[in-house]
Amino acid sequence: MTSKLIDQAHAGIVALHAYEPGKPIADLQRELGLDAITKLASNENPLGMAPAAREVLAHWNGDLSRYPDGNALLLKQELAQRHDIGIERITLGNGSSDVLELVARVFLGPGRNALLSAYSFALYPTVAMGVNAEPREVPALAPASAMPYGHDLDAFAAHMDAHTSVLFLASPNNPTGTWLEPAAFEALLAATPEHVLVVLDEAYVEYQDPAQRIDSRALLERYPNLVVMRTFSKIFGMAGLRVGYALSSPAVADLLNRIRAPFNVNELAQQCAVAAVRDTDFVARSQAGNAAERAALHEALQQRGLRCLPSQGNFITFDCAQPSKPLFEALLHHGVIVRALAGYGLPQHLRVTVGTAQENRIFLTALDQVLAAA
Ligand SMILES: *Cc1c(COP(=O)(O)O)cnc(C)c1O
C-alpha cells in the first residue's frame, strides 16, 4: 500500500497491531510435523461443544440460501428466559467481540477515552483505538495484593474525567483469572456518572463460584448505564460458531442494534445457540470438570514452585520466574500450545487453559521437561 493511502487511514487504526490469536493446531502440525497437539491456548471448552448443539449440526439438512432471521427472535426468546429479561434488552453479536465493537462505535470517538485495566482483554484498547478514542490504562492491583494484577476499582474511579465515555471491566478477567468483589463493583457503579457506560464482560462467569459472582442481572435494573457481555465461546463450547450478546437497558440495546450488521449471527449459529442454552446438563458438567481440574492444576503448578494468580476462570496464569516466551516456544516443540503473555505486559507469565485431566497431564509432563532443560 502506498504511504498516501496509509495517511488516509484513521490514526488510531494505523497505531494498532493486529490481534494475535492462540496458535491454531493446524499451524503447529504443519510447522513441526507433529500429529498430537494439545491446545490449551484459547480458553476453549475441553469437553467440546454442547451436545445439544452438536445434535443440531448432525441432523441439520436445511438450506442456507435464505438470509437468517436478522432479529434472531427464537434465540432472543431463549436468552430472555435464561436471564429473565425482555428481548428488547438483548443485543446479539458475531461473538461478544462484535458487540464490544458496537459499544465503541456508539459511545466512543475522537476526544473521548475508555478506561481499561492493565492486564485485561486485548480487544478493549483495540475497539477504542478503532474509532480514534483514547484507551486509558488504569494501573492494576499490586502483585503482592490479595488479588494480584486484578482490577483496581478505586483507581478506575480516580482515572475518570470529563472525556470518559466507557469503562471496560471483566470478571473473571482474562488473562489474569482475577475477579471483582460484588460490593466494590456496585460502589464503582454508584460512583460513575450516568452518562458513562460501564461494560462488565462476563465471558467466564459460569466458571465462577456462584457465591462470589456479581448479581449483574439485578444491577441492570438499577443502573441503565450497565452493559453485561456474555458469550457462547467459552462454557457452551461454541467458539467456532461465533455467538455473543449484551444485556443492557432497552435504550442502550436500541442504539447498539441500530448499527449492528443485520445478519451478524448466522443461521446455524442461531439454531445451535438455542439448543445450547437449554443444555443445562452440559453446563453443569463443564463447571464441575473445570472446578476439579483447575484446583488440581493449580496445586500441581504451585508444587513446582510456580506462583499462580488466583483464577475463577477456565485457565490459570502463572509466574515462570524467567522470561516465558522461550518456555512457550519449547512447549510448542512438545506439541503443547499455551499462551505467552508478554503482549499483556506479563513477560514472565504463561496462561494455560484448564483442559481434561489427560490434557493437563500432557501439559505438566511437557512443562517439567522444558523447565529441566531451561
Ligand atoms: C473469550 C473472551 C470473550 C469472548 O469473545 P467471543 O468474541 O465471544 O468469542 C470476551 N471477553 C473476554 C475477556 C474473553 O476472554
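Which side chain has an N or O atom 2.6 Å from an oxygen atom of the ligand? One is Thr 231, in this predicted model.

**Ligand contacts**

Two further side chains, Asp 201 and Tyr 204, have an N or O atom at 2.6 Å from the ligand. The ligand atom facing Asp 201 is a nitrogen. For Tyr 204 it is an oxygen. The table sets out these pairs.

| Side chain (N or O atom) | Ligand atom | Distance |
|---|---|---|
| Asp 201 | nitrogen | 2.6 Å |
| Tyr 204 | oxygen | 2.6 Å |
| Thr 231 | oxygen | 2.6 Å |

The protein also covers the ligand. Taken alone, the ligand exposes 390 Å², and the protein buries 93% of that.

**The surrounding shell**

There are 13 residues around the ligand. Ser 97, Asp 201, Thr 231, Ser 233 and Lys 234 come nearest. By class, the shell holds six polar, four nonpolar and three charged residues. Where does the ligand sit? Its site is the second largest pocket.

**Domain layout**

How is the protein chain divided? Domain 1 is built from two segments, 20–43 and 281–373. Domain 2 covers 51–279. The C-alpha centres of domain 1 and domain 2 are 25 Å apart. The two domains also touch: 25 residues of domain 1 are in contact with 29 residues of domain 2.

**In brief**

Methods: Residues numbered from 1 in each chain as written. Predicted model: local features only at pLDDT ≥ 70, side-chain atom pairs only at ≥ 80, totals over all residues. Heavy atoms only, no water. Near = heavy atom within 4 Å. Polar contact = N/O pair within 3.5 Å; in protein donor to acceptor, adjacent residues only side chain to side chain. Areas by Shrake-Rupley, 256 points an atom, 1.4 Å probe, with all protein chains shown as cover. 1 Å grid on protein atoms, 1.4 Å probe; cavity = no way out; pocket = protein on both sides within 12 Å on 5 of 7 lines; lining within 4 Å. Sits in = over half its atoms within 2 Å of the grid points. Nonpolar A, V, L, I, M, F, W, Y, C, P; charged D, E, K, R; others polar. Domains from an automatic or database assignment. Contact = heavy atoms within 4.5 Å.
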